[in-house]
Amino acid sequence: MAFAQTMFPRSRSARYIAAACTAIFVVSTLYYLELPGPQHTGGFGLDEHLPHWSAPIPTGYPQDETSPLVWETRAAQVKDAFRHAYRGYLQHANGFDELRPLSKVGVNNFNGWNVTMYDSLDTMLLMGLWDEFEAALPVVAQGDFRLLRSTPNANAWSRSGYAPFFETVIRYLGGLLSAYALSGEKLLLDRASELATLLEPAFNTTKGLPRFGVNPGTGAVTPSQSGILAEIASCQLEWTYAAHATANKTHYDRVNTLINTLADAMEERKGGMFPTNWHLSAGKPVSESRSVGAAADSAHEYLLKQYLLTGKQDIENLEMYMLTTNEVLTRLLYLSPNRELLYVSDTTGSKFTAAHRLEHLACFFPGLLALGAHTVDLNAAFAALDPTKLSAEARRQYTLLSQYDLRALHMAAAEGLATSCWLMYADQPSGLGPEVADMAHTVRDGSSKDTKGILWMDAVEGWRNKGRTGPLPGTDEKKPIPYTLSEKERTPQAPWDYVVRRADYFLRPETIESIYIMWRTTGNPVWRERGWGIFQALEREAKTPTGYASLKKVTQSPAPQSDDQPSYFLAETLKYLYLLFSNEDLVPLDKWVFNTEAHPLPVFTWSEWEKHKFGISN
Ligand SMILES: *[C@@H]1O[C@H](CO)[C@@H](O)[C@H](O)[C@H]1NC(C)=O
Ligand SMILES: *[C@@H]1O[C@H](CO)[C@@H](O)[C@H](O)[C@H]1NC(C)=O
Ligand SMILES: *[C@@H]1O[C@H](CO)[C@@H](O)[C@H](O)[C@H]1NC(C)=O
């Protein structure tokens, strides 16, 4: 956001542009033929000094054997699914946040402001559900954001008298802003602006990191000084677009302060990922645990997406994204020993020990990598990093990665991870994926037992040293294996190479989101067919007479259901499925950026007037 201020020397931005131009010029013709998909629009590059390898991704994908007409029918089926879920909500939970699809009552888990309705507005617009949208507008017009309404069956924090900042921003504010951008209905922007103002007190901390919760009626905030990375660093997109759409400098200042705090922390740490736990007033991490799943996920996502939303002017966020992914690629990606499933692990404790656990929540990450590789000149961005400013560990990561065409490497990781996330679904009798799987990682070599697992980059290095023949480790074609282990089996076993640790499926979107981005960025029709398989499983296992229910055990079919229809099922899961099957590219990835609740916001560049008014230097 602070364009002139980066954690590295000022001359960087000039270097960056020069490197980018050279790189695009040198390699674009050379590489174009080797890169996947008809939708690739160029823009990637490669520093001429770096050794590189050609992408191990096939040059041509099979023809889509399913006709466009069939895809149209499938998209229409998703639209029917949305109507079914929304109708059930209105019929049995009108005036409440979410539907309990089995007991057919409502529950207020998110302020009691009808979250399912607000979260669904832009999906209605994309699906052309004009009647539903029109009927929602008068409710949105009259809703009182000062009043929190809980229900006895709600979760504990929604009965605490505070609106949770993060959830309120990504669902309500993101939903309103996106529906405004898609419809032009001024009412939606006015309500968004009003809501943003009511949430403002959350930012009243020394370094501008938001508090967990705000009471929008009184302005009181939760006292805790502890912050979770995902919750303190996932509001930049919403606040930036609000600043742009309403020309409000206060909104701009909030996000600018927040980004500067993150950039300062990154500068002090000299590279790597941000840990998951923070102290708000100090503006610094207080733990060393890393994750791309729970507690962290969208914070990593917003580094790249903030750069994209503001028309790629803001290189500070791009730098943080590069340093983050450098660490994820070299330290958190592992291969399972038999099936060679690529997975991203959390760490436990302070020593960067991998937990060897794949969370459903982390399955957005392949989509993020693919989005970055598709839209950003990663090799130029990498070349613009200054290794002398990095910690020894971050420099080690940098040196290791500098042997590779980073764009191809990110894309390969995306391919392998998305395949593992999909297999977690395709292996299950229900066809839907578990919340958490423990991954096989014990490697026995003779007498001694090595439990450290196989780092993906070690395998990739082996592949490179052996002349780069065959597919890159973890990216070869894999087939589902019908899953039979019980949750009580302690040890992940071959042939699956994992054991389901938490068998619930909460109607979550992350895997479908990544499948959608893989389809858009590679053009490989296999992703669409995989998504179709998942939609059929949803219809079979999760559909109820009044909506869709979460599942308790994906390892059975029919899977036992639980009494939950989260609003993100309508905002995200069904939206990404609809976009996946639509023949038309309704939300081009170079023109829109999805917030972490799948609400698309339009890419823009600051006008000269905005730069003057907000004090943006460039
Ligand atoms: C939620 O819906 C109820 C019933 O339509 C309405 O009375 C209330 O004002 C709505 N609240 C918000 C914040 O939209
Ligand atoms: C801009 O935002 C601030 C903080 O949210 C708010 O107090 C102020 O009224 C807004 N200004 C305008 C002109 O809407
Ligand atoms: C911000 O916090 C300070 C110290 O906690 C307090 O004195 C002040 O009133 C707060 N300001 C607002 C606008 O809430």
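## Contacts, pockets and cavities: worked exercises

Outside the four places on either side in sequence, T596 touches I170, S298, E301, Y302 and E572. The model is a predicted one.

### Exercise 1. Describe the largest pocket

Task: give the volume of the largest pocket, then work out what lines the largest pocket.

Solution. 
- Step 1: take the volume. The largest pocket holds about 770 Å³ of space.
- Step 2: go to the centre. The lining has 31 residues, and those closest to the centre are E167, R171, L361, R508 and Y568.
- Step 3: list the elements. Two or more lining residues come from each of α5 (165–183), α7 (229–232), α10, α17 and α19 (567–581). The largest share is that of α5, with 4 residues.
- Step 4: sort by class. The lining of the largest pocket splits into 15 nonpolar, 12 charged and 4 polar residues.

### Exercise 2. Find the enclosed spaces

Task: state how many cavities of 30 Å³ or more the structure has, and describe the largest cavity.

Solution. 
- Step 1: A probe the size of a water molecule, rolled over the atoms, shows where empty space is left.
- Step 2: count. The search of the whole structure turns up 3 cavities of 30 Å³ or more.
- Step 3: take the largest cavity. Its volume is about 110 Å³. Among its 14 lining residues, K305, L371, E513, I517 and F594 are the closest to the centre.
- Step 4: assign elements. α10 (297–309), α12 (365–375), α17 (510–522) and β22 (592–594) each give two or more residues to this lining.
- Step 5: sort by class. The lining of the largest cavity has 10 nonpolar residues, 3 charged and 1 polar.

### Exercise 3. Describe the second largest cavity

Task: state which residues lie closest to the centre of the second largest cavity, and which element gives the most to its lining.

Solution. 
- Step 1: take the volume. The second largest cavity comes to about 60 Å³.
- Step 2: go to the centre. Of 13 lining residues, L358, H360, C363, M424 and P434 are the closest.
- Step 3: assign elements. β12 (357–359), α15 (406–426) and β13 (436–439) each supply two or more residues. α15 gives the most, with 3.
- Step 4: sort by class. This lining holds 8 nonpolar, 3 polar and 2 charged residues.

### Exercise 4. Locate R407

Task: name the helix that holds R407, and say whether R407 is buried or exposed.

Solution. 
- Step 1: find the element. R407 belongs to helix α15.
- Step 2: check the cover. R407 has a relative accessible area of 2%, so R407 is buried.
- Step 3: take a distance. From the C-alpha atom of R407 to that of A380 is 9.7 Å, and the two residues are 27 apart along the chain.

### Exercise 5. Sum up the chain

Solution.

Terms used
Residues are numbered from 1 along each chain as its sequence is written. Chains are lettered from A and ligands numbered from 1 in the order in which they are written. This is a predicted model: local features need pLDDT of at least 70, side-chain atom pairs count only at pLDDT 80 or more; totals for chains, interfaces and linings use all residues. Side-chain values use heavy atoms; hydrogens and water are left out. On a 1 Å grid over the protein atoms alone, a cavity is a set of points where a 1.4 Å probe fits but cannot get out, and a pocket is an open set with protein on both sides within 12 Å along at least five of seven lines; lining residues have an atom within 4 Å of a point. Grid points are joined across faces, edges and corners, and a volume is the space filled by probe spheres set on the points. Ala, Val, Leu, Ile, Met, Phe, Trp, Tyr, Cys and Pro count as nonpolar, Asp, Glu, Lys and Arg as charged, and the others, Gly among them, as polar. Contact means heavy atoms within 4.5 Å. Buried means under 20% relative accessible area, exposed over 50%, partly exposed in between (1.4 Å probe, protein chains only).
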